[in-house]
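Subject: Structure handover

Hello,

Here is the structure for your files. Please open it alongside this message, as the notes below follow it.

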Amino acid sequence: MRTVHILKLNSNFAMAVLKGLKTFEIRKNDRGYQTGDHIIFQVVDDSGREQPHELNNIDYVITYVLSGWGIQEGYVALGIRKGRKRRGKQ
């Protein structure tokens, strides 16, 4: 069974993800991310408050997990692609 990760994403990066220009995430590896897991982004401002945004509640799939090879210890680079639209609150 694949895990769904709810992740905050700063509003500065949200449109690049939504448009498919930013197809990766660099994250602390504190959740055991695996290829095939899903990410639901919640867009936040610089103070961490949730913001209304088109990206909220859209499903993304982790397509690749990279650690080591220039990535700081304890962190991973995640390849992502858009999955399906999530239902629920926008």
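A salt bridge is a side-chain nitrogen of Lys or Arg within 4 Å of a carboxyl oxygen of Asp or Glu. The model is predicted, so local features need pLDDT of at least 70 and side-chain atom pairs count only at pLDDT 80 or more, while totals for chains, interfaces and linings use all residues. Residues are numbered from 1 along each chain as its sequence is written, and side-chain values use heavy atoms, with hydrogens and water left out.

Salt bridges

The whole structure holds three salt bridges. One of them joins the side chains of Arg49 and Asp45, at 3.2 Å from N to O. Arg49 is exposed, with a relative accessible area of 55%, whereas Asp45 is buried at 15%. Here buried means under 20% relative accessible area, exposed means over 50%, and partly exposed lies in between (1.4 Å probe, protein chains only).

The closest N and O atoms are 2.3 Å apart for Lys22 and Glu25, and 3.0 Å apart for Glu25 and Arg27. Glu25 is buried, at 3% relative accessibility, and Arg27 is buried at 16%. Lys22 counts as buried too.

Around Asp45

Asp45 sits in the loop between β3 and β4. Strands (E, at least two residues) and helices (H or I, at least four) are DSSP runs, numbered from the N terminus. The side chain of Asp45 makes a polar contact of 2.8 Å with that of Ser47 and another of 3.2 Å with that of Gln51. A polar contact is a pair of N or O atoms within 3.5 Å; within protein, one must be able to donate a hydrogen and the other to accept it, and residues adjacent in sequence count only if both atoms are side-chain atoms.

Helix α1

Which residues of α1 are buried? In this helix, residues 11–18, they are Ala14, Val17 and Leu18. Seen down the axis of α1, the buried residues fall within an arc of 90° (taken from the directions from the helix axis to the C-beta atoms), so they line one face of the helix. Gly20, which follows α1, has a positive phi near 80°.

Asn57, in the loop between β3 (38–44) and β4 (58–66), has a positive phi near 70°. Trp69 lies in the loop between β4 and β5 (75–85), and its phi is positive at about 45°. Asn57 is buried, at 11% relative accessible area, while Trp69 is exposed at 82%.

Regards
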